[in-house]
Amino acid sequence: MRFTLNGTDVEIDVHPMRRLLDVLREDCGLTGTKEGCGEGECGACTVLVDGEAVVSCLVPFTQVEGRSVETIEGAQAQALQRAFMDHIGAQCGICTPGMILAAMSLGADPTRKQMQEALAGNLCRCTGYEAIFRAIRAAKRASRTDAQRAPA
Ligand code: FES
Ligand code: FES
């Protein structure tokens with residue numbers, strides 16, 4: 001079966017019903033995607049499929065055949081990663097890759113409500129959402145500033 005993983009075409013021999021989460025972690029060695037509940041409730045296993053955030057513990061591999069999957073290892077999310085560190089948006093870190101991938105769908109100047117909606121399926125037990133929202137706001141601000149500075 002073929003799919004694109006973080007921009008690279010991959011051919012892999014796995015059972016079509018194997019969970020995408022397991023394929024990523026065990027067959028592809030990308031352990032940045034975390035398992036929390038394993039039941040679609042916590043968002044720790046969030047990845048992007050064709051740019052859309054999905055919980056990989058509920059996705060049989062057959063559903064991503066021929067599609068593009070991005071994980072925290074390949075996502076262009078440096079500004080968000082830096083901001084989560086700077087604003088103490090992560091403590092144990094289990095939820096962090098999923099939070100960052102879910103936050104990638106937000107626009108350049110997200111409102112509180114938009115952030116709440118984007119992260120509604122992502123649970124954090126230790127940091128608290130205020131620090132996470134601060135980190136997202138700071139990252140989006142930094143990205144806007146970088147874009148304004150970029151030569152036309
Ligand atoms: S591990 Fe997938 S949603 Fe919790
Ligand atoms: S940082 Fe520990 S669950 Fe979010």
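**Salt bridges and a hairpin**

Glutamate 11 counts as exposed, at 57% relative accessibility (buried is under 20% relative accessible area, exposed over 50%, partly exposed in between, with a 1.4 Å probe and protein chains only). The model here is a predicted one, where local features need pLDDT of at least 70, side-chain atom pairs count only at pLDDT 80 or more, and totals for chains, interfaces and linings use all residues. Side-chain values use heavy atoms, with hydrogens and water left out, and residues are numbered from 1 along each chain as its sequence is written.

Glutamate 11 pairs up with arginine 2 in a salt bridge, 3.2 Å from N to O (a side-chain nitrogen of Lys or Arg within 4 Å of a carboxyl oxygen of Asp or Glu). Arginine 2 is exposed too, at 53%. A search of the whole structure turns up eight salt bridges.

Another one joins glutamate 35 to arginine 19, with the closest N and O atoms 3.0 Å apart. Glutamate 35 sits in the loop between helix 1 (20-27) and strand 3, and arginine 19 in the loop between strand 2 (8-11) and helix 1, so the pair ties together parts 16 residues apart in sequence (helices, H or I of at least four residues, and strands, E of at least two, are DSSP runs numbered from the N terminus). Both are partly exposed: glutamate 35 at 38%, arginine 19 at 23%.

As for the strands, strand 3 (residues 46-49) and strand 4 (residues 52-55) run antiparallel, joined by four bridges; pairing takes at least two bridges found by DSSP. Threonine 46 has valine 55 as its bridge partner in strand 4. Two residues lie between the strands of this hairpin, where aspartate 50 takes a positive phi near 50°.

How values were computed: Chains lettered and ligands numbered in written order.
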